[in-house]
Number of protein chains: 2
Amino acid sequence: MQKILIVEDDAAIANLIKINLETEGYRCTCAFDGKAGADLIEEEHFDLILLDIMLPEIDGYELLEYIKPMGTPVIFLTARGNVDDRIKGLKLGADDYIVKPFQVGELIARVEAVLRRYGKAGQKLAFADVEIDVVSRTVTQAGVPVELTIKEFDLLVELMQNKNVALYRERIYEKVWGGSFMGDTRTLDSHIQRLRKKLGWENYIRTVFRIGYRLEDDT
Amino acid sequence: MQKILIVEDDAAIANLIKINLETEGYRCTCAFDGKAGADLIEEEHFDLILLDIMLPEIDGYELLEYIKPMGTPVIFLTARGNVDDRIKGLKLGADDYIVKPFQVGELIARVEAVLRRYGKAGQKLAFADVEIDVVSRTVTQAGVPVELTIKEFDLLVELMQNKNVALYRERIYEKVWGGSFMGDTRTLDSHIQRLRKKLGWENYIRTVFRIGYRLEDDT
DNA sequence: GCTTGCATGACACAACTTTGACACATCTAT
DNA sequence: ATAGATGTGTCAAAGTTGTGTCATGCAAGC
């Protein structure tokens with residue numbers, strides 16, 4: 001789960017952003033002036049910072065210079081029409097800006113775009129307690145990293161992209177192994193067993209007799 | 001010198017952009033429809049593509065899907081008020097958008113921001129305790145300068161521009177060495193080892209078996 | 001219900017591939 | 001000339017994968 005810091009002196013706007021991002025699955029913290037923002041950045045790590053320019057104590061530009069070396073992406077919040085601010089922000093190294101007032105959809109799209117850009121929000125697939133990130137090719141189960149081999153990984157992706165669909169063994173084989181399916185070998189079965197074992201998914205990966213396998217929700 | 005492709009059916013706008021960017025020191029090529037754009041992309045490499053959405057032959061979205069896998073950054077050109085277009089563009093992986101009509105200053109700021117973001121224009125990259133300045137080609141670790149060779153430096157940049165992304169060895173090789181990947185040689189591996197050793201990054205630079213390498217945040 | 005014919009689970013193992021470690025020859029720039 | 005940089009080969013170690021064997025389970029026909 002990604003953590004986002006919102007530095008914005010207008011509590012109403014800050015909370016609006018917070019609520020919307022939290023419904024999207026991000027964890028948010030608010031700071032109402034530049035000083036408080038700097039303190040929070042010092043204390044804990046954030047994946048993204050939304051930064052208002054007009055701030056009491058320390059202004060947005062100053063804070064930006066402080067943040068930049070840490071490599072944390074920053075999106076500026078700027079008032080309508082302040083073209084100069086936007087340009088200055090981008091020149092200083094901000095990753096994007098959002099003009100207030102903004103539409104919620106745009107806010108989310110930009111946040112996702114920036115996180116994706118930083119490789120922190122790769123294309124993710126989730127099922128049960130397992131989450132897989134296709135870009136970094138990492139798998140976590142209940143937050144714990146799981147080591148999978150290439151074939152296991154590709155097989156899992158294929159299954160998770162087709163939840164609750166009975167996949168014919170030929171189709172799985174062709175997708176994961178590339179070539180065409182060769183009849184009687186224990187190859188596919190072995191890999192299914194290995195996946196089941198590693199994830200403890202004896203009940204989720206069901207075998208469909210004479211057909212293939214299915215990744216199943218309930219019981 | 002950076003090369004920029006402008007895909008825009010309105011010749012007046014295309015030329016306006018071209019002239020302004022060229023005075024900033026970029027080399028520009030124009031394409032007036034999607035088909036022509038695709039052909040040019042096929043032929044030569046661009047550092048950035050400015051892409052109109054409304055295009056004859058092939059529209060901007062389609063072209064974007066074609067460009068994305070190549071890793072070239074894209075800025076969308078969109079008409080005022082088309083909020084849906086902007087969001088769709090960002091979701092599809094565009095790096096930014098510019099609303100027509102635009103101010104020249106903003107155009108340039110955004111172009112520079114995107115190029116900087118991709119490390120193609122001078123910018124600092126940071127990861128863990130290491131900071132690198134692409135322009136001066138200097139690296140410091142915990143504030144202490146580190147001497148890297150050319151290949152080591154380029155390799156490090158490639159890794160740091162793709163934090164948490166599993167990079168295929170072919171891709172790394174082609175990016176850092178230029179030519180196409182030649183099968184079984186220990187070249188890439190050797191340089192990875194040397195980097196690991198110099199930075200003490202045995203745990204940050206993870207090998208992804210049978211895939212390549214990944215620069216990893218945690219664990 | 002029982003038997004038969006297959007399909008799949010479980011498991012072990014050997015062949016194979018990939019990477020780490022290291023040494024060394026070549027190359028380049030001063 | 002010399003020192004550093006770079007590419008490549010070798011060997012060992014580690015990881016991956018396909019396959020065979022045997023046991024178990026499923027479905028259908030008798």
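Modeller: Let us begin with a definition: Ala, Val, Leu, Ile, Met, Phe, Trp, Tyr, Cys and Pro count as nonpolar, Asp, Glu, Lys and Arg as charged, and the others, Gly among them, as polar. This is a predicted model, in which local features need pLDDT of at least 70 and side-chain atom pairs count only at pLDDT 80 or more, while totals for chains, interfaces and linings use all residues. Residues are numbered from 1 along each chain as its sequence is written, and chains are lettered from A and ligands numbered from 1 in the order in which they are written.

Biologist: Into how many nonpolar, polar and charged residues does the surface near DNA strand C divide?

Modeller: A residue is near a strand if its C-beta atom, placed from the backbone, lies within 6 Å of it. Around DNA strand C there are 16 residues, of which D189(A), T207(A), R186(B), D189(B) and T207(B) come nearest. They divide into 4 nonpolar, 6 polar and 6 charged.

Biologist: Which helices each supply at least two residues of the surface near DNA strand D?

Modeller: Helices (H or I, at least four residues) and strands (E, at least two) are DSSP runs, numbered from the N terminus. The surface near DNA strand D divides into 6 nonpolar, 8 polar and 8 charged residues. The helices that each supply at least two residues there are α6 (150–160) and α8 (187–199) of chain A, together with α6 (150–160) and α8 (187–199) of chain B.

Biologist: How are α6(A) and α8(A) oriented to each other?

Modeller: Axes are lines fitted to C-alpha atoms, for helices over the stretch in contact, and angles run from 0 to 180 degrees between N-to-C directions. The axes of α6(A) and α8(A) come within 10 Å and cross at roughly 85 degrees. Angles under 35 degrees count as roughly parallel, over 145 as roughly antiparallel, 65 to 115 as roughly perpendicular and the rest as oblique. The two helices α6(A) and α8(A) are therefore roughly perpendicular.

Biologist: In the hairpin of β7(A) and β8(A), which residue takes a positive phi?

Modeller: Strands β7(A) and β8(A) are joined by 4 bridges, and E131(A) stands opposite T140(A). The hairpin has 4 residues between the strands, and the residue with a positive phi, near 55 degrees, is R137(A).

Definitions and conventions: Two strands pair if DSSP finds at least two bridges between them.
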